There are 2 protein chains.
Amino acid sequence: MQTIEKTEPKLLELKARLAEIHDIEAAASLLYWDQATYMPPGGAAARGRQLATLQQISHSKFTDPAVGELLEDLRPYEESLAYDSDEASLIRVARRNYEIAVRVPAKFMAQLSMHRTQTYEAWVVARPTNSFATVEPYLEKTLDLSRELANFFPGYEHIADPLIDFADYGMKASFLRSLFADLRNELVPIVEAITSQPPINDSCLHQLYPEAQQLDFTLKILEQLGYDFHRGRQDKTHHPFMTNFSIGDVRITTRVYENDLGQALFSTIHEMGHALYEQGINLEYEGTPLAAGTSSGVHESQSRLWENLVGRSLGFWNYYYPQLQAAFPAQLGEISLDTFYRAINKVGRSLIRTDADEVTYNLHVMIRFDLELQMLEGSLDVKDLPEAWNERYRSDLGIIPKTDTDGVLQDVHWYTGQIGGMFQGYTLGNLLSAQFFEAAILDHPEILIDIEQGQCITLHNWLKDKIYQHGCKYTATELIRGVTGASLRIEPFIRYIRRKYGQLYTL
Amino acid sequence: MQTIEKTEPKLLELKARLAEIHDIEAAASLLYWDQATYMPPGGAAARGRQLATLQQISHSKFTDPAVGELLEDLRPYEESLAYDSDEASLIRVARRNYEIAVRVPAKFMAQLSMHRTQTYEAWVVARPTNSFATVEPYLEKTLDLSRELANFFPGYEHIADPLIDFADYGMKASFLRSLFADLRNELVPIVEAITSQPPINDSCLHQLYPEAQQLDFTLKILEQLGYDFHRGRQDKTHHPFMTNFSIGDVRITTRVYENDLGQALFSTIHEMGHALYEQGINLEYEGTPLAAGTSSGVHESQSRLWENLVGRSLGFWNYYYPQLQAAFPAQLGEISLDTFYRAINKVGRSLIRTDADEVTYNLHVMIRFDLELQMLEGSLDVKDLPEAWNERYRSDLGIIPKTDTDGVLQDVHWYTGQIGGMFQGYTLGNLLSAQFFEAAILDHPEILIDIEQGQCITLHNWLKDKIYQHGCKYTATELIRGVTGASLRIEPFIRYIRRKYGQLYTL
């Protein structure tokens, strides 16, 4: 991208403007990271205002008509370049983002930003006190604002489509409904079969595991799996997440439950998957809109690939279990690898999405996805949401939440100011994790043997080469086709589930 | 400030603009804090750029002609108010800051910002490798830029005056030279007298003190002295500092040397003094330019008052020493309070300013102050600085640095892009700490007895009432007169030194 700068001053100007916006957004991300990790409680009020200010400045700088003019002026230049050249891609992605940003009035953004803070604060109080009534009026307003937001993008087939598009560009409600229906049809009989058998005993995970030793072990795993601590760090938060301030600074957080070893272990590997994606982006994209994962679904495919297809595999623990036993001799010294492996892959009908196993997880997601669509369509009122939620848990998972805390209040997503487009990425990610992993194994069958020997470098390099380095140069659709030679499909995931759980249960 | 907002829309608009700028500056401060505490090394390059971007945006928003017009339009309103009303003060302080900011061209600011990063990075390498030659060309440029900066404020008496004014509004080189000469005349004979006596044995401080226990103890001290952890926290950094992102989030950092107990102890109390000032500001000033300490000297007076007049006093340790002994029974169990008290107040001719005792500290500062003036005047070339530095250490402190690492390279100040105005605040702070403390004792003689009983609340409340709450509503000159009924004087400090050290040494 160096040579071009000499010959195309308008691209240089565009890049300077985008870099400034990128810097402001990075600052906002750090403010958020700090809020979740180290900020004292007294800082909260000002922090909310500071975040809103930065978001407003970045939005206003990005929607400056001068940016639109530059993008327009650069059209002939862009068309003179190969579609997948870095320069053409940068202009194309910037234009796509610009066309979204410019349709949403600054006044609406300010209103949404204010509402976001209020509804989140209401949820923080409502969740532990099991009070849906507290958040109900906020959720009504969230629904209104989400509809208003969607309506800035007229011409949609389904009102959720523009909202889905923000996170998973090119996906539509109609396609997802049909995809998810197929998936449900495959999964429900598997869940039925498994849950009619005696449950796996996972008590070995629920002994006392001191926090400090758990954290130590997660750091060792991160190091060995190729997370670059020179360009990242891990801290503790209530809800684990990954965030980044540059390609050189990609951080993750984890949480530790002293009576549940799986929490820290798998949330660390999960967030590491997100982080490997961001750490693997071409360094030349620094400060440009290309320096980001390409969609919610593809991002989640990486967290789930590492967490589940690698991190919950027998091969992986074949190598790492002795290390884990050495870290916790009193707790695991007498526990066999087989017992441990079964425990971390226990399947059951449960209430909490983030704690769900691989087999039932997507059923949790689909419930939320469907309820989002119904609310947006107007066929479900906010006031009826808890009842609809519980009814779906009964019908799909055969279990009913005793409280809204464990029901409709459990996930933060709707309480961050948007209904619609918030959940499909999780299931897309699960499907893609299997589809990508199959493609990797086809290219390098030795990956499975490498993993058994604690070597994930072949897999990591393949992912870097095929996915990570490109940032968001390619759309998810383009990327999936390029990497797997096919479009998004449910079959690899179903094959994976049948193969793995067919060994753990009778299917 | 509530009622006014209804009647004076231009003040409301001014406050909204200033709050936005305040938010950007707070974000920049957090980026800096993170850089010093938790940022992985890979984040450095992007972080420098992000900081420069935020500074550029905040400067450009503040120097927007619309701000100048608002300030002009508000003149009649301001004149209709009492001088020390919050509204008049806000307008006055904003105008003073505006008139400084608007004189410095954005292009110069960008150039300075770039140079700052480069010179700092050069120093980071040069200091440990004892290589003045590495930083010399950068320092030449720093001198040029500092002169250029001063020359944006023509009409000065001495070229350092505008630079001094940034940190200590209203102070002039001529006044400071004469004040410092008087101080030196008083101090030199005291130093002579003390250093001709056998040195105090401070070996009790140089045993092994494990880091974790030292940090624990500093946290206990902070809690008991009234630092509000709900609105702050303490972390570790290479160089301790205080920073704040709102009145509700005022953080400090400390450093721990396992073989030098005094480092963590006194840098914690020092930074706490800065923090109590910022935590004590009237909460109604949040988001306005009034929410800041009023000058470098007054700020330093608070860090030094708590560190030295309180934290190195016999009364203070009369209460806290048993707690310290309980924290370190093996190290201090057999050491008497008297031995400990003497150790923490040992006076000696030393090379490093930040490690210097109360008696010699100002001699270190004055050397730097004089050298700054000489460089700006052109009577000292940058290339001759190390020699001039060493010669002054010989003449003033009777000791010559063996290396530039312990000499001219020891302080970061000149390597942050400015020569001039960087050091006077330390000595002003020492003088004012004694002057304010005397005034407090005159108002509340019981303060000394309270401190002996571990009670600093009377002193803290007096400081809040007289100094902290006002932020920078009053200039340092106004504040000193208001609080002490006199102008800045050296006598209280000399009285304090003579009284205290007359008991430790024969004077």
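The model is a predicted one, so to speak of local features a pLDDT of at least 70 is needed, side-chain atom pairs count only at pLDDT 80 or more, and totals for chains, interfaces and linings use all residues. Residues are numbered from 1 along each chain as its sequence is written, chains are lettered from A and ligands numbered from 1 in the order in which they are written, and side-chain values use heavy atoms, with hydrogens and water left out.

Chain A comes first. It holds 23 helices and 3 strands, where helices (H or I, at least four residues) and strands (E, at least two) are DSSP runs numbered from the N terminus. Its radius of gyration is 23 Å, close to the 23 Å that the globule rule gives for 507 residues, so chain A is as compact as a globular protein of that length. Here the radius is taken over C-alpha atoms, and the rule is 2.2 Å times the number of residues to the power 0.38. Laid along its principal axes, the C-alpha trace of chain A spans about 65 × 50 × 45 Å.

What about the inside and the outside? Of the 507 residues in chain A, 58% are buried; buried means under 20% relative accessible area, exposed means over 50%, and partly exposed is in between (1.4 Å probe, protein chains only). If contacts in chain A between residues at least 6 apart in sequence are counted, 72% of them join residues at least 24 apart, with contact meaning heavy atoms within 4.5 Å.

Chain A has 46 positive and 68 negative charges, and their mean positions are 1 Å apart. Lys and Arg count as positive and Asp and Glu as negative, while His and the chain ends are not counted. Each charge is placed at NZ of Lys, CZ of Arg, CG of Asp or CD of Glu.

Next up is the strand pair. In chain A, strand β2 (residues 242–246) has 4 of its 5 residues buried, so it is largely enclosed by the rest of the structure. It runs antiparallel to strand β3 (residues 249–254) of chain A, and 4 bridges join the two; strands pair if DSSP finds at least two bridges between them. Within this pairing, Ser246(A) has Asp249(A) in β3(A) as its bridge partner. The link from β2(A) to β3(A) is a hairpin through 2 residues.

Chain B has a strand β2 at residues 242–246 as well, mostly covered, with 4 of its 5 residues buried. Antiparallel to β2(B) runs strand β3 (residues 249–254) of chain B, joined by 4 bridges.

Some single residues deserve a look. Asn130(A) sits in the loop between α7 (106–129) and α8 (132–151) of chain A. It is not a glycine, yet its phi is positive, at about 60 degrees. With 33% relative accessibility, Asn130(A) counts as partly exposed. Over in chain B, Asn130(B) is in the loop between α7 (106–129) and α8 (132–151), has a positive phi of about 60 degrees despite not being a glycine, and is partly exposed at 32%.

Gly420(A) belongs to the loop between α18 (385–397) and α19 (424–443) of chain A, and it is buried, with 0% relative accessibility. Setting aside neighbours within four places in sequence, Gly420(A) is in contact with Leu163(A), Glu372(A) and Leu376(A). Its C-alpha atom is separated by 25 Å from that of Phe493(A), 73 residues apart along the chain.

His270(A) lies in helix α12 (residues 261–279) of chain A and is buried, at 12% relative accessible area. Beyond its neighbours within four places in sequence, His270(A) is in contact with Glu300(A), Ser303(A), Arg304(A) and Glu307(A).

Finally, Ser89(B) is part of helix α6 (residues 86–101) of chain B and is buried at 0% relative accessibility. The C-alpha atoms of Ser89(B) and Pro289(B) are 200 residues apart along the chain but separated by 9.6 Å.
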